[in-house]
Structures are given as structure tokens and as C-alpha cells.
Amino acid sequence: MTTLSASVSMNDMANAIRALSMDAVQRANSGHPGMPMGMADVATVLWAKHMKFDPAAPGWADRDRFVLSAGHGSMLLYALLHLTGFEDITIDELKNFRQLDSLTAGHPEYGHTPGVEATTGPLGQGISMSVGMALAERMMNARYGDELVDHRTWVIASDGDLQEGISHEAISLAGHLGLNRLCVLWDDNEISIDGPTDLSESTDVLKRFDAAGWAVSRIDGHDHAAIDAALQAARSSDKPVLIACRTTIGYGAPTKAGTAGSHGAPLGDDEIAGTRKALGWTSAPFEVPADIIDAWRATGSADSHQAWQERLAGSEKADDFVSQISGEPGEAELAALDAWRCKVAEDKPALASRAASGQTLAAIIGEWPSLAGGSADLAGSNLTKTPGVGVVKAGDYAGQYIHFGVREHGMAACANGMSLHGGFRPHVATFLVFADYCRPAMRLSSLMHQPVVYVMTHDSIGLGEDGPTHQPVETLASLRAIPNMYVFRPADALETAEAWDLALRRIDGPSVLALSRQKLPFLREDDGSVNRSARGAYVLAESEGAPDVVLVGTGSEVSLAVEAATALRGKGRSVRVISAPCLDLLLEQGDDYLDDLFPAGIPVVACEAALRFGWDQIIGRKGAFVGMAGFGASAPAEDLYAHFGITSDGIISAAEALLAG
């Protein structure tokens, strides 16, 4: 623990947070001063006496993780980073709070600001990602032991975080898995934007967490001794911990403390002057007395970091640890991907792409110790549980498969947390239509550049009898609309292996594998040594001479385009067939590549068992589209394809109509 100067009290240190927070919000004329002012005491005790961190090394692998789930109160975190000595978070950065190109964005952004562990602000996401961080810590500990992995995850969460439905999923999973290195500090200030929380909430939150298998306690969030004791108790708990911290929002503000008026707007000059008087804070805006700065700079764990580096240097597991925590695939992992592609090309199996995906995982996972994930109670359908792989459970974290239960949203956020923690390449699985349950977390995967792999099966009307509730006609377009998200829809077993290859080589963003329920014919004739999906689309079957028409498809509809091309050639037409497993990658290739695939003036027919939305960028407004125009129906898959006209005959008719002018 840090030994504080006798001349500086915890109250002085907390008031520095309050002053910087209200000054920054006032200068920006935008922001949320109330939460930082209310939770300043809790944050001060945590960071000064319990957190393991080194401002000189924000990425130290064995640091404690601090997640500000209540991301609207971002000035709390920025003040902490500045006061504790994170070099880049200068007083000028605090003065530039919420301004363009500053490091102090309105909500904390991972990768933008050193010391920010996760992008938060969408309520419920931070606490849910923290479950993934705590799980990753235990899983890495099971592999490398206490000498290399022995840290905690601390969370400050708001009422809103706990009201969002995702938090129910996350806390249930954390309790089930016994993640006792996780501690959530709930800012129990009894205020929401609309007013008192009892306008809409009467849940006994402590009973809720207790029922989920957490240790719970309630404290005065302004009593430093009580805070210290609760945090100390949390460190020895055998369960995840919730500490309800009863605080006063806007603490110290003479008329706005304890009211919604301090939540989401500047306090105003007069209120700030009154707050300074009430707190006994005499320094000018953005000025902190030198002795208080010195007390804050004396916190941290540089000695612990140095000792850890020495243990790492002397460990026989050092090379494996450094390799795994880096996130970069090694030579053995890449060789496994290359070898599997070639084997699939040689065997030419006709498989549902979900089955081909399962075989790919089974073939490579032995060479990928960092590959870990699971399914939302759909292991038998998603086929991501591979033979011989251990299951992660409470007290035994050595496995690589996680039973997430029916918790798609929490699962996706957990995967983000695992990826952010480092050491694992998470993959998570459900039906494609349930991407809507995962979407806020998937969006954050893209925003944070986290390489989570989303395995989403039953990708079209091809799932058949379950009907329109489960047939994702609009989902592909909506996922393709997310920046930095690659959506793969492979046409056969080899493209499925290629999609996994590209997703796992990628380290700067997430990938979706949209996979079929139904069996797909094998289409390729090459040896698999070159990943032909790498540019998003390629010529699967070339025309004889210049093409009269170009047919392009994705997934299960590529084989229909091949059949249609054969029939059209029999009628004397020159036809090019393009497989486009990833439109996102295709559009990154530039106009020259697109013009090569789709020559100017040549009619194009696209086929996908989904909506047209998004295709016009490739085929143009005058291009023909064979696909869905609305929701599906309940029937066997082959009947549905015929009913909706998604057939080789449908493609032929569309092509002939274009050729007829």
C-alpha cells in the first residue's frame, strides 16, 4: 500500500479530482461533473491504496484493470490519470476535455487514451467487458501461474449500468464462473437523469447480486476507512464482489449536490465558486497544490512492476507468455492455417459451412493456445465445441471452451473484455439472426479494433422450418454497415477455411462468419495454397473471351450462379462467375480491382438470400438482384428457395432480361 504524506489527506486528494472535473466540464461547457465528484472518495482510496498500476507502463501485462463502466463520468478517469502521472494526460489535455483531437474524449476510448482499458459510455458494456477481463486473467493464470498472472479487475458502475439488461447476463455468468478477482463499485447515488431512481427502480440490487453468486456489501462512499475496509475484504473474497457505495452526486456543490442538476451539465460559475468554498479548495481552475500532486505521484506500483519483470525474465514460460499476450499469431499457428486450407482443397468435402467451420477449428486449435470461446447454448448447432478441448468452469480455467448460456449480449461483451485483456483470441457463436442481441457489443469490437471472431450460423432462409423469426434477411446488410467489421459468407468448405484464416490473421478488428445450416457443394479446383478470399471477391469461373454477363453471389447462392452460368453458356452466352465471400474486403480493394471484376458496360446479376440493401455499390442501380424482398416463411429450405425465386432459373431469367436490354 502507498504511504501518504502526513500533510496531505485522502480528502485533499479526492478534492483534487472534484476540482479538476468541475473545471474541465465548465470549460468545455459540456459533460458530467456529478459522478466524478460523488465517486472521488472511492476512486481515491482504490487508486492510492489498492490498485496495482504503473503510470510509466500503461500496458504492463500484470497490472490491475480499471473499467469506468459509468463512462459518462470520464473526467474521473482523466483526473486520475493526470494526477497519478500518466505522461500523456497533461493539464492541457484536461483543459481540452471533449475537444477535437484531445486525449480526453467525452467518453473513454480504448486505444486513444493511455490508461483507458475499454471504450465505455453505452451503459452496461463496461461491467460486462470486465467479466471477460476477469475471466481472461483466471485463464492466463491457469496457464502461467501466480508469478506471471496475479491481478484484479476493478469497476465503477452506475445505476444505469445495472439497469441495462446486459448487466444481468454478465453478473450471472461471473457468479457462475466464480470470478473472485472482479470487484464492482456501484455508485449508489439514487439519482438518474430524470430525477430520483425510485421513479423507475425498486429492485434490491444487493439481493440480485447475492442470488447470482456474488459477495455483497454496502458502505458510505464518503467514509475513507469504510471504503478501505471494503476493498480489503474484496481482495480475500472467494466470489466476485459488489460494493454498494452510497454517495452524493455532485458532492460539495451547494445547491446541486444530490440532484439530477449535477448529472449532465456544467455546474455554472456561481455553483463552482460555492463548491470551492464548501470543499475548502482555494486553488485556481486547473491548479492543484504541489503537495497534493506529490501525494498522488507517490501512488502506483513501479516496484511491483520491476519485480514482475524480473520474474518474467527468469521464467521458463517467458517466451510462451510474451507470444500469447502479444495477440500476434506465431509461425505454428499460421502454418496450421496454411496446411488446413491445402487439405480441404485436396479432400473437396461437400459440407454445410457451419460443419466446415467446426472442422477448421478442430484442425487448428491444437496449435492455437490463445484461441478460446464458446456458444450461446448452441454448441450442437454452431459446431464451435471441438473434440478434446477442455471446458472452462469455476475453479478450473485451463480449458478453451466456454458455455455462455443463453446470453448473447453478455457473451459478445465478455469476448471484448477477453480480447482487451490480452492473451486470447475469442470466438463466440450464435445464430446469425441473433446478431441483433449482440450488436451493441459488436459495434464496440469494431470501434475498439478488437479481433473478436463472431461465428454466426443458420445464415438465411436456408435454415428452413424455423421460419421468419429465425431467418436473417436484413442482418448481413446491417452488419456490413458497421465500420471496421468484416462479414464473411463463404460458399464452400475451402472458402470457410479461408474465412477463418483471414479472421485469425486480422488483429485490428472483428470478423463475422455467416455460415449455412444446409450442405454446400465444393466449388474450387485450386490447391488452396493461395487464399483467394483475401481480396473479398474473385473470379471463380471465367468466361470464354469477354463476358456478356457477370454473375456474382455469396455463400450458398454461389453454386446457383455456377449452375446458371452453365445453362447460359449452353445458350451461347459468355459468362463470368464471381464469388464474393466478403464485400467489406472487396470494397477496400479500390476501383481498379472492381473494374477488373465487373467491366464497365457489362450487365451484372447478384444473388444472395438476403435483402438487396448495400449491393448497389457493387452492381449499380441497373444491376439485377436475385434475393429476398421481405421476410421469409416457414417451410423446408428447398421449398423456400423455389418460393422466393432464388434459383438458377431465377438467375438465368434476370440475366436474359438484362441482355435483352
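**Cavities.** I went to the largest cavity and asked which residues lie nearest its centre. They are F53, R63, D64, F86 and E117, from a lining of 14 residues. I keep in mind that this is a predicted model. The volume of this largest cavity comes out at about 90 Å³. Searching the whole structure gave me 4 cavities of 30 Å³ or more.

**Strand β1.** Next I looked at β1, which covers residues 65-68. Which way do its side chains point? R65 and V67 go one way, F66 and L68 go the other, and all of them are buried. I then checked the partner of β1 and found β2 (residues 153-157), running parallel and joined to β1 by 4 bridges. Opposite R65 I found T153 of β2.

**The open sheet.** I moved on to an open sheet of 6 strands and wrote down its order: β10-β9-β11-β12-β14-β13, with parallel pairing. Which strands stand at the edges? They are β10 (401-403) and β13 (486-488); each has a single partner strand, so one side of each has no neighbour in the sheet.

β11 (residues 425-431) and β12 (residues 453-457) pair in the parallel sense, over 5 bridges. In that stretch T430 stands opposite M456 of β12. What packs on the sheet? I found helix α20 (residues 493-505), which touches β9 (371-375), β11, β12, β13 and β14 (511-515). The direction of α20 makes about 165 degrees with that of β14.

**Cysteines.** How many disulfides are there? My search of the whole structure finds 0. A disulfide is a covalent bond between the sulfur atoms of two cysteines, so I looked at how far apart the sulfurs are. For C245 the closest cysteine sulfur is that of C183, 8.0 Å away, which is too far for a bond. C414 is in no disulfide either, with the nearest cysteine sulfur, that of C438, 12 Å away. Buried or exposed? C245 is buried, at a relative accessible area of 0%. C414 also counts as buried, at 1% relative accessibility.

**T44.** I found T44 in helix α2 (residues 34-49). T44 is buried, with a relative accessible area of 0%. What does T44 touch, leaving out residues up to four places away in sequence? My list reads M10, M13, A14, I17, K49 and W296.

**M140.** Last stop: M140, which sits in helix α5 (residues 125-144). At 0% relative accessibility, M140 counts as buried. Leaving out residues up to four places away in sequence, its contacts include G145, V149, F321, Q324 and I325. H421, G422, G423 and F424 are also among the residues M140 touches. I also checked the spacing to T203, 63 residues apart from M140 along the chain, and the C-alpha atoms are separated by 36 Å.

Methods. Residues numbered from 1 in each chain as written. Predicted model: local features only at pLDDT ≥ 70, side-chain atom pairs only at ≥ 80, totals over all residues. Heavy atoms only, no water. Disulfide = S-S within 2.5 Å. Buried < 20%, exposed > 50% of the residue type's maximum accessible area, 1.4 Å probe, protein only. Pairing = 2+ DSSP bridges. Helix = DSSP H or I, 4+ residues; strand = E, 2+ residues; numbered from the N terminus. Contact = heavy atoms within 4.5 Å. Axes fitted to C-alpha atoms, helices over the stretch in contact; angles between N-to-C directions. 1 Å grid on protein atoms, 1.4 Å probe; cavity = no way out; pocket = protein on both sides within 12 Å on 5 of 7 lines; lining within 4 Å. Points joined across faces, edges and corners; volume = space filled by probe spheres on them.
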